[in-house]
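Subject: Structure handover

Dear colleague,

I am passing on the structure below, and after it you will find some notes to read beside it.

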Amino acid sequence: MAGAVESELVSEDTSETEAVAAAAVGVAAILFALSLAALFELVTITDTVAGIPMVALLGALLILLGLGVVGFGVGSRLGYVATNPRPSAGLVAAVAFSGIWFVVGGLVASQTLGLGTIGWGGVAFVTGGLAFAVTALPREDIGSTLPAGLLAVFAGAVFVTGLIGPGWVWDLGWEQSASFNAEFTIPVITAFCSLLVSWGAAKSYGGFGARGRHVGAYLLVYLNALSIIAVLFLLVAFTVFKGLPGLFNSISFGLGVGPETTLFGFTFAWPLSWPFVMNGVALLNDVNGVLPAIAGTIWLVIGAVLFAVPLGVGAAVFITEYAEHGRFTQVVEIATNGLWSTPSIVFGLFGLAFLVPRLGNGKSLLAGMLTLGFMLLPLVVITSREAMLAVPDEYRDASAALGVTKWQTIRSIVLPAALPGIVTGIILGVGRIAGETAPILLTMAGSVAPPGSQTVDVIGGFRFISSPPFVENPELLQATSALPYQLYSLITAGVGQSSSIANIEQFRWATALILLVVVLGFYAVGIATRYYFRRKLQHE
Amino acid sequence: MTETTQSTDTDQAAESAQTSDIEMQGSGQPLEVTAGETREKTRDEWTDYEFEGDAKFAVEDLDVYYGDDHALKGVSMDIPENSVTALIGPSGCGKSTFLRCLNRMNDRIKAASVDGTVELDGEGIYQDGINLVELRKRVGMVFQSPNPFPKSIRDNISYGPRKHGDLETGFLANLLGRSDDEEVEELVERSLTQAALWDEVKDRLDDNALGLSGGQQQRLCIARALATEPDVLLMDEPASALDPIATSKIEDLVHELSEHYTVVIVTHNMQQAARISDQTAVFLTGGELVEYGDTEQVFEDPESQRVEDYISGKFG
């Protein structure tokens, strides 16, 4: 092949130039983290670090990074650095860079220079076209470093010269008086530029070509995964941080300090007093709590699961094992998918209009359970069906060849093999319904801040009566509260401000934290169950 | 090859000219050649096989259709009991289809329809009122790829008898004192010993069967089929996914089993058929049973030219 470059089979130890590229990736990563921290106000951009203003520091780092990457690219082009570039950086990179530079050019022309539509349009097209040409036409080492590096240098220069400083505001001039301020703009620009430069630096580190692209893509994929984990972690950490003071308010340990509980006629006192989860809201409480809502949420989920899982798994068994595959199963599939996509408020309205009048004509725990059960049902059907379809037909054949009937095969082979998948579906569904507010609002919500005496006691509520159906449970037909509903009304309606809750802000965050813990607790139970069944199926 | 394809277009002149040199070789009838396979008309006497003792299966004019596809054409054969019968032939010739007709596993394929009679010990298995559970208890089956259940080795073996209600285990049986745990242990040991697997797994009967090697899994499947105490064992290429050592173990096993069981085995491997079987049935393209007889005779001196071509490796 003419012109094909042969690269070395074994690359030597890290060269100095590679170390420079690796350092650039590292600095870019630090800059990215720093800008994220600034975005979430963990770092203030008005601060000074060692006498240098934060914004200037960010700008200087950006310039340094940009120059480093551009230098690497140019050095590679001039032959000072041994790399293995392709003839062009490729169309995707070219389109991406031209888009970015189009926006940059347009913003500078219209906002900073104050040109009109024609003026900024022209400038934007010129810069975008230039970026496209610079990316697509020269060799890959120039094409993938120059546009990224120059952008970083440009952004850095804007920060260092104070064109965008801590006091900068871009008023959009809309009726709603929306504006971008420096606290948002500077971190976002920094994060974006450092991301671009780190991609260019990673490609340089890989020596461009196939290996360079691999390293560049690897970096982007990793950053993506890290930012997802970071967002999750941040969300949980934020809630925990805000919720902990309220949650552990006047908690105490010791024999007999807790409330008394009677189980099977035997009364004992808890060795732990935890007012927030053991109290309701009442005038005379020292510390108010959310016990009724916790109990309501747990009973809701249990009721919905008890209602939906047998029905859903049964339907899935019928569809996969008994029904002829054809029009009917297709219709059922479309119907379940549609049901799963139905907004929860519609389920709530159905519950209000259909279930509530039939269940004692008042909002009740049972109506809430059934409504959420209806919501859970389609997901259980879908995932159970998938799980059963994934059970190999060889198992069914082997069982049939042993003379075992279809139902026995389903019960002892298909269902156990499908169980981990079914449990996964239930976990996902419970995660959705446990935090659902709208249906509860319409079907079961009672008082916003119920006192501890209104905690539902479903087990204790069963009573035998002398007339059919011989058993009744008034607890099930009572309106009660649930955590998401309580949180919703505490935040939006301002309800409870006037009641005896002392520190409403703390109370809200603690409620949110408890809701998170309860939902994650259900998750943990589900995952443990799935792990148990999966272990049974595998040969470990 | 162009000449030969012309001859299939029923061009009489070309046919006689072109087939003259291979005429009279085997069966003494005019022959034509298509794609390496000799064309000839199958004669009934090639599939007549006289044997002493009773026939376990008597198959008469068996036709199988998959939709419009005529997969088996008028197959008739008697299978003697306590012997090994090998079914050989190229891919798609219907040998597996024939095997699956013997325990009505073809019922599980919706498009399949079966015509003709199959008698097990003189009773037609395609008549109304047949008890499929009882049929499949008597006629066990081992599949091409090992398919143990994702359960413990013990549970795999005892699965059939437990589901048939012959053995009772579990919590309630324990509580009522009806538990057959000892019988289960005996059954597991007996079946695994018969399948030559006992020594390898006796210390880990509670381990998951999927942890066994491929050859062990296949022997476990044989043991599982034997646990229901069948009269007949159908095997659909049981060694095709196994290495030579595991294959030879399975072959030895088949040989031993033939003392007490009627074994019908489908195989792709002609040497294997020659080694282990007492009689061999050759199915060829188109779903026809072409020749059936004593293994030695079929392999040494086949009556059909097509069978000879197939056995000597000219096609298939």
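I begin with B:Thr280, which sits in strand β11 (residues 279–284) of chain B, where strands (E, at least two residues) and helices (H or I, at least four) are DSSP runs numbered from the N terminus. This is a predicted model, in which local features need pLDDT of at least 70 and side-chain atom pairs count only at pLDDT 80 or more, while totals for chains, interfaces and linings use all residues. Residues are numbered from 1 along each chain as its sequence is written, chains are lettered from A and ligands numbered from 1 in the order in which they are written, and side-chain values use heavy atoms, leaving out hydrogens and water.

B:Thr280 is buried, its relative accessible area being 0% (buried means under 20%, exposed over 50%, partly exposed in between, with a 1.4 Å probe and protein chains only). Among the residues that B:Thr280 touches, not counting those up to four places away in sequence, are B:Ile88, B:Tyr292 and B:Phe299, contact meaning heavy atoms within 4.5 Å.

In chain A, an automatic or database domain assignment gives domain 1 (16–88 + 138–241) and domain 2 (279–537). Four residues from domain 1 of chain A and four residues from domain 2 of chain A make up the contact, and the C-alpha centres of these two domains lie 46 Å apart.

Please look, too, at helix α15 (residues 406–434) of chain A, whose 29 residues have end C-alpha atoms only 36 Å apart, short of the 42 Å that a straight helix would reach at 1.5 Å a residue (the expected span being 1.5 Å times one less than the number of residues).
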